[in-house]
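Here is a short briefing on one protein model and its two ligands. Keep the structure open as you read.

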Amino acid sequence: MNKQKVLVTGGAGYIGSHACVELLEAGFDVVVVDNLANSKPESLARVQRITGKTLAFYQADIRDQAALTAIFAKETPTTVIHFAGLKAVGESCQQPQLYYHNNVYGTLVLTEVMAEANVKQLVFSSSATVYGESESPQYSEHFPLGAINPYGRSKAMIEDILRDLSTADTLNQAPNPWKIALLRYFNPIGAHQSGLIGEDPNGIPNNLMPYVAQVAIGKLPQLSVFGDDYPTPDGTGIRDYIHVVDLVKGHIKAIAALNSDKFLAGGCKAYNLGTGQGYSVLEIIQAFERVTEKPINYKISPRRAGDLAECFANPNLARQELNWKVEKNLDDMVADTWNWQTKNPRGYD
Ligand code: NAD
Ligand code: WQD
């Protein structure tokens, strides 16, 4: 059988670069399409250094239909993993059109080009942010959706579009129906064990883990813990942090599932990618202090608008249907974050 070729949109980014490593190591050919809006080509040079393999890179915007069509014609991929998107919740509230245009319109263009090229196998980066309010903090895939910001709504809209494409193929009895996995990530953190690739946020980080890492290394003076009066054991927010390498392995498992009899008749299905275990902000700080033997300077601040008290995954569906489970624990996540941070104090610069 010919090698399978995977086209990775957003492959130069944080999660995408880790996915490229796993794909190359699993024997796939890899083509990256990225406009470098939030990444640097150095990440891909490092991917090739880690794996000793090469990949094809096109600096292009997924909204550029002509460019994308030409790339599909030249490369003839069999599957697409679609990471390309903007992801800052606060920015999405200030610039909703940018987010809907980039994320939703970008996905429309991508799927049009894919359908035209008859490439109808897709793994999509969705997010736990698509879930709405629920009685239980442990989220299962059938829980009601109800994103509360433009970023989250852009993901929910894309999920709807992809489900509709699949339903239409069933109605039309399409000979090559869409096969789509919607992967809902919880909180990806950590870095590749080599310390060569990792998360390189622009400016001051929004997310907890890169913020803590920059406090530990002395780049930022103090962490603000957003609220200690939540109804959780220590009063701080609880999230399901997942090692980025475990997360991207879920994508390889998803491709295998899409290639299997399970998706023979096509379909579009959502899977949570989380560990199923939540940790509080204070537990993250303690883990960081334990692993790095450095004190983290923090203060308790008011709650951040829009934050939930507690949110973690029920990962059983991915375990059963994708045959996927996490292998790394919190100390691995912290150690790998720290390894990346200390080896690359200025990110890829
Ligand atoms: P990232 O910003 O590091 O990577 C996204 C990549 O997409 C970047 O390299 C960026 O340059 C590229 N890109 C953006 N718009 C593009 C466009 N129009 N055309 C071509 N390339 C474009 O983000 P990440 O953390 O690696 O996230 C990857 C995906 O996973 C995103 O879709 C994000 O929404 C989703 N996700 C991330 C998290 C998280 O916490 N990191 C959680 C849930 C879901
Ligand atoms: C984690 C916990 C904060 C920063 C976000 C997006 C979500 C998804 C992942 C893409 C919370 C607390 C944080 C700080 C703090 N992205 N915190 N001080 O909010 O769960 O999810 O990233 O899909 O859409 O909303 O992650 O890392 O920002 O916060 O106390 O400086 O840390 O209140 O309890 P979040 P986070």
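The model is predicted. One sheet is open and has 7 strands with parallel pairing. The other open sheet has 4 strands with mixed pairing. Ligand 1 has 27 residues around it, and ligand 2 has 18.

**The sheet of 7 strands**

- The strand order is E3-E2-E1-E4-E5-E7-E12.
- Which strands stand at the edges? They are strand E3 (56-59) and strand E12 (267-273), and each of them pairs on one side only.
- On average, neighbouring strands here are turned by 20 degrees against each other, direction ignored.
- Strand E2 covers residues 29-34 and pairs with E3 over 4 bridges, in the parallel sense.
- Within this pair, tyrosine 58 of E3 stands opposite valine 33.
- Helix H6, residues 150-171, packs on the sheet. The helix touches strand E5 (121-127), strand E7 (179-185) and E12. The direction of H6 makes about 155 degrees with that of E5.
- Strands of a sheet pair through backbone hydrogen bonds, and the pairing can be parallel or antiparallel.

**The sheet of 4 strands**

- Here the order is E6-E15-E10-E13.
- Strand E6 (138-139) and strand E13 (279-280) are at the edges. Each has a single partner strand, so one side of each is left without a neighbour in the sheet.
- E6 pairs with strand E15 (residues 310-313) in the parallel sense, over 2 bridges.
- What is the bridge partner of glutamine 138 in E15? It is phenylalanine 312.
- Tyrosine 139 has alanine 313 as its bridge partner in E15.
- E15 also runs parallel to strand E10 (residues 238-239), and 2 bridges join them.
- In that pair, cysteine 311 of E15 stands opposite arginine 239.

**Around ligand 1**

- Which residues come nearest to ligand 1? They are Asp34, Asn38, Ser39, Lys87 and Tyr151.
- A polar backbone atom of glycine 13 is 3.3 Å from an oxygen atom of ligand 1.
- At alanine 37, a backbone N or O atom lies 3.0 Å from an oxygen atom of the ligand.
- Asparagine 102 uses its side chain: a polar atom there lies 2.9 Å from a nitrogen atom of ligand 1.
- How much of ligand 1 does the protein bury? Alone, the ligand exposes 820 Å², and the protein buries 95% of that.
- E5 gives the most, with 3 residues.
- The shell divides into 12 nonpolar, 10 polar and 5 charged residues.

**Around ligand 2**

- The residues that come nearest to ligand 2 are Thr129, Tyr151, Ser224, Arg239 and Asp307.
- An N or O atom in the side chain of tyrosine 151 is 2.6 Å from an oxygen atom of ligand 2.
- A polar side-chain atom of aspartate 307 also lies 2.6 Å from an oxygen atom of the ligand.
- Serine 224 uses its backbone: an N or O atom there lies 2.7 Å from a nitrogen atom of ligand 2.
- On its own, ligand 2 has 690 Å² of accessible area, and the protein covers 86% of this.
- Which strand gives the most to the shell? It is strand E9 (residues 223-226), with 4 residues.
- The shell divides into 8 nonpolar, 7 polar and 3 charged residues.

**Links between the parts**

- Tyr151 is listed among the nearest residues for ligand 1, and Tyr151 is listed for ligand 2 as well.
- E5 is part of the sheet of 7 strands, and E5 also gives residues to the shell around ligand 1.
- Arginine 239 stands opposite cysteine 311 in E15, and Arg239 is one of the residues nearest to ligand 2.

Terms used: Residues are numbered from 1 along each chain as its sequence is written. Chains are lettered from A and ligands numbered from 1 in the order in which they are written. This is a predicted model: local features need pLDDT of at least 70, side-chain atom pairs count only at pLDDT 80 or more; totals for chains, interfaces and linings use all residues. Side-chain values use heavy atoms; hydrogens and water are left out. A residue is near a molecule or strand if one of its heavy atoms lies within 4 Å of it. A polar contact is a pair of N or O atoms within 3.5 Å; within protein, one must be able to donate a hydrogen and the other to accept it, and residues adjacent in sequence count only if both atoms are side-chain atoms. Accessible areas come from the Shrake-Rupley method with a 1.4 Å probe; for residues, only the protein chains shown count as cover. Ala, Val, Leu, Ile, Met, Phe, Trp, Tyr, Cys and Pro count as nonpolar, Asp, Glu, Lys and Arg as charged, and the others, Gly among them, as polar. Two strands pair if DSSP finds at least two bridges between them. Axes are lines fitted to C-alpha atoms, for helices over the stretch in contact, and angles run from 0 to 180 degrees between N-to-C directions. Contact means heavy atoms within 4.5 Å.
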